[in-house]
Structure formats: C-alpha cells, structure tokens
Amino acid sequence: MMSSSLKRSLAALLSLLCVVVLAACSGIPRSSGVNQGSAVVPVENDAIEFLPAGPIQNGSIEQILRGFIEASSSPVSDYAIARQFLTPEFASAWDATTAVNVDSGLRTVSQTGENTGRLVFALTAQVGAQGNYAEINPAVSTTFEYTFQQVDGQWRISAAPNGVVIDRFTFDQVYQSHPLYFFDSTNTMLVPDVRFFPAGASASTRITKALLAGPSQWLAANGAVQTSFPEGTALVADTVPVTRGVAKVDLNAAALSADPAVIRRMKQQTSASLQSVATINSVDLLVDGAVLNNSISDSASDVMPPPIDSRPLVLTAKDFGYWDGTKIDTYGAFANVMIQSQPSAISIGTMTNIAATLTSQGVSLVRNGTAQLVDSRPGLIAPTVDNFGYVWSVPADQPSKLQAISTDGKIQQVDTSWASADRILSLSLSHDGTQVVALLETNGSYQLVASALVRGERSIPVALGPLFTQTLSDGTPVSVAWVDATTIATVTVNSAGIGLVRAQEIGGQSKELSSITEGTPQSMAGANTISGLRVLTSSGILLSLRGGTQWQTAVSGVTTLAVQQ
C-alpha cells in the first residue's frame, strides 16, 4: 500500500489542481439559463467537495429548480443543501442515491404550470445505487417533471424523481472510481468490480456497503464471481470511521458464521476494496465491536496476480526476448522454438511457464523447449493461455466454438454468450484468468464485450457469463489487450487508415488515446499501465506510447509482439 505521507501529498496536490481548474472554469455556461455558482472547498481527508448555495429568497419556480439541480452536486451530509429546496415532507422521502444522471450541462429548465416545472437534459451516463457506471452513447434526451408547493411564502419542491442530475465536469471532480474485490468461482483469485462513489469522508462507508451488497450482476451470473461474506452480513452502524489511517469495519453477528478460511477471504476482500481510499492504510474487521480473529491475515498478495514485465516481448528473425531499449534480452525457455517456428501470434504464461503460438498449421502448446500442435482447425485467431495452464483457441468464423485445451491435451468446449456473432476478431484473458474480452462482428457491426469466466472442478473453464458491452471507436477493430486488472485497450483502423486507440475501464469510463498516423496496426499488447501499451505495425515497427501522448518507434524488424499473461 502507498505510504500515508505520500498519499497525503498526492491528495493535497490533487486538491490544489482541482481548485485551480475549477476556478478557471467558473465562467463556463452550463444551461440555457443562468446558474448560480458553487463554491469549492477542501474537506476532511483532503478531498474536494462542492458547496452550492441554498434557496434564494422569493425565488421563482425556475430559480428554485435550477438551484436544486446545482445543489445536487454536493453529497455532503446526505445532500443536505439540496434538501433545503424541498418541502419538509418530501425532504425526508427523496432518495438522492438511487441514480446519478450525468449530462453535458446543457439543460432546459421551464415552468410548465401554476406549480409545476420541467427539466430536459441529454443523459450521457448513469451511476446506480451501488455505484455501477454505464455510459450511454448516443445520449438520450430525458425529461424530469417536478411539483412545487408554497412553504412559508417560498416555493419548494414537493415531488421529484429520485436521484441527482450532474454535469460531466462536476461529476469528474466529485466522483471517483473504486475497484471492489470479490472472489472468482474457485476462491483463488480476487476479481475487481469497478464502482463510482463521491469522494470525501463517506467513501469508506459507501464502498463497504456496496461490497456487502455483492458483485455486479454481469459478474455474479452463473456463479462466476462471488462474495465470501455470509448472507445477512451488514454494518452494525451506518458508517465506517477512519481514524489515523485505520478503517473500522464493524459487522453484525451474521459474520460469526464464517469459518477461518472464509474469514480470511472476507478480510482480503475488505482490505483490497478499501485500499483505493487515500486516507486508509489498514483495516480492522470487527463483529459487534470485537476484532474478528486477529490471528488471520488480510494480506491479498497471494490472491492477486503480480505485475508482468513492463518490457515488450518481441520476436525477430534471429531472436526472441524482452526489448530493453538497446538490445533483446533473450527469453531462454522459449527462444529456440519461437525463432524456428516464427509464429504469427504468441501468448506467454508468465506464471505457468507455457506458451501458445499460432502458425500456418494451427495453435500449438509450447513447453520444455518443444511445440505440440493442439488445434488444427482452419481460420484460428491468435490464441491465449491462462494462469491455470489452459490454451484458448477459436476459429474466426466460428466464434462459439471456443476451446480450452489442457497441458495433457484434453479439450474442453467453453460455452459462450455470443452465439449470434458471425465472427470473432480478437480474444484476450485477464492476467488473473477470471475475465474474457473479445472483439465480435455481427451483421457487419462490431462490438467489444467483456464476460466473467466460470470454472468447474480443478479450475476447468466451463462457460462465459453474460456479455458486458464496452465502448469501441469507429472503424475496423484490430486487437484488444489488457492494460491492468480493470482496464483494457483497443486499436481500430478508420476509413482514412488512421489507427484509433481507446482505453476503457471495465465498468467505468473510456477515453481516446493518441492516434497512430504512420503504419497499419497489426497487434497490441499491454503491460501494467497505459504507458506500457505497445502496438506492432504490419511493417514490423514496434510503437510505444511515450508519456501517454505520442506513439514513437521503439524498435523495428519485429515479426511478432508476444502477449504476457
């Protein structure tokens, strides 16, 4: 975990940058009318929170409605400022946490009757009650209706949709993504599940409550991902206090039904999930105020994959190994086989010391210095290996014929959730072997999907869970690769021959990276960070994303860029 001093320094720097940026943008118009501005204040835990104004005296229905929407950007004290715009009866009934509706900030606010008002906005993203984020592209025009009453001579809102409306700029300042962690179907690896919560003192409580509520539906289906907390486990009080860097997670008696192995997994889930909160250095798990089996460690190092080598792993006509910037550091265990067979695709299992290759004969399993052909079906795409020792292989024109082949040659048909797809262009497994991403083509349209993996006895791959669609750039997709545990990247080629590279946090936001203007992208590989992305062009030039802003030639003469698992 990052040291507390470093965390505080980074958080303080972020706070300063946010204040500067927000101050610089205070004049940006956000709607068809005039909005009152929100003060920006640093709060405890070095977080930034908006402090909007309360209702103005003798405000019109339009003014009160605009003020209410603006005030909804502040979750402080359970949206206390926004509730000032509501009648006393409705203030206690309105549930702000049901949904966060994100728009561009261009809105129409109008009075539609003697005591009614309307808000029209373009919905671009939505965050659910448990923090699940969904991009909406194209944006959907959305209308919210409001009813008003006079309270002591002042207009107040007496009926409104639950949830809040917030513009993109403010959302990016107020909300942060946090990966929650659950276990895979074998209880051997932690699986991240990205959620969004307001920054600030309430983050630890919101994260813990969402963790206890369980994994997202697309992960939990078919038992692919599961929680270790016994059914009925909840917080004793509706808070997770943090004192001097220690989070106190006090659970009810339902947690006492867990055996030591389950308690260890509960601790690992909790510790890993709260590590993204800058002010938390450690976690105490308690039941009704008593520490829960203090002899059991919460270390998650053995249930999370280690980072891979950040150097690109490349094959040339004469060598195979890691490019260190000046020469190739030969990968002795595989070099001879790779140089002799010159495969067009390579996947290396860094934890299993096996590899999968694609040649004109088909897909081969490589280990102990020899290659064994394990799939000779025609039209196979680049294979991959997982950290349980399986080789994954599928023909491009038969995307549902996905096979996982064990080191002893046994073929396991893996049930997919893309039966209607016509073609599969690229397939990649997460480094922990718990999730699959794929580029699909159906009726001439392309789709990027993620799916959780269900394993059976002895970790045999059995099936993929429901598809979770991700954002894909325009053009023809070429390759998809994992960047880290929660982020993937794709490269597509548009009609002008430009390579478009997009990073996508699964369950979060996506963004376009710098385009590739020279050469035609052929394959892509990731290595822990966005800066670790590499793209190989059809002319054998390996490109690196320097500083996250520009693609530069790293080395030429590369025939194949290997993917590390």
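## Overall fold

Among contacts in the protein chain (heavy atoms within 4.5 Å) between residues at least 6 apart in sequence, 54% join residues at least 24 apart. The model is a predicted one, in which local features need pLDDT of at least 70 and side-chain atom pairs count only at pLDDT 80 or more, while totals for chains, interfaces and linings use all residues. Residues are numbered from 1 along each chain as its sequence is written, and side-chain values use heavy atoms, with hydrogens and water left out.

The protein chain holds nine helices and 40 strands, taken as DSSP runs numbered from the N terminus (helices H or I, at least four residues; strands E, at least two). Its radius of gyration, taken over C-alpha atoms, is 26 Å, close to the 24 Å that the globule rule (2.2 Å times the number of residues to the power 0.38) gives for 565 residues, so the chain is as compact as a globular protein of that length. Along its principal axes the C-alpha trace spans about 85 × 60 × 45 Å. Of the 565 residues, 52% count as buried, which is to say under 20% relative accessible area, with exposed meaning over 50% and partly exposed in between (1.4 Å probe, protein chains only).

## Strand β28 and its partners

Eight of the eleven residues of strand β28 (residues 445-455) are buried, so this strand is largely enclosed by the rest of the structure. Strands count as paired if DSSP finds at least two bridges between them. Strand β27 (residues 435-442) runs antiparallel to β28 and is joined to it by eight bridges, with Glu441 facing its bridge partner Tyr446 in β28. Two residues lie between the strands of this hairpin, where Asn443 takes a positive phi near 50°.

Strand β29 (residues 461-464) is also antiparallel to β28, through three bridges, and Val454 stands opposite Ala463 in β29. The hairpin of β28 and β29 has five residues between the strands, and Arg458 takes a positive phi near 55° there. A further antiparallel pairing, over three bridges, links β28 with strand β30 (residues 468-470), in which Gln470 is the bridge partner of Leu448.

## An open sheet

Five strands form an open sheet of mixed pairing, in the order β21-β20-β19-β18-β40. Because β21 (370-375) and β40 (563-564) stand at the edges, each with a single partner strand, one side of each is left without a neighbour in the sheet. Strand β18 (residues 345-349) pairs with β40 in the parallel sense over two bridges, and Ile348 stands opposite Gln564 in β40.

## Helix α2

Helix α2 (residues 61-71) is mostly covered, with nine of its eleven residues buried, among them Ile61, Leu65, Arg66 and Glu70. The elements that cover these buried residues include α3 (76-83), β3 (99-111) and β5 (133-151).

The structure holds twelve aromatic pairs, meaning rings of Phe, Tyr and Trp (its six-membered ring) with centres within 6.5 Å, where planes under 30 degrees apart count as stacked, over 60 as edge-to-face and the rest as tilted. Phe171 and Tyr175 form a stacked pair, 4.8 Å centre to centre with 15° between the planes. Phe171 counts as buried because its relative accessibility is 0%, and Tyr175 counts as buried at 6%.
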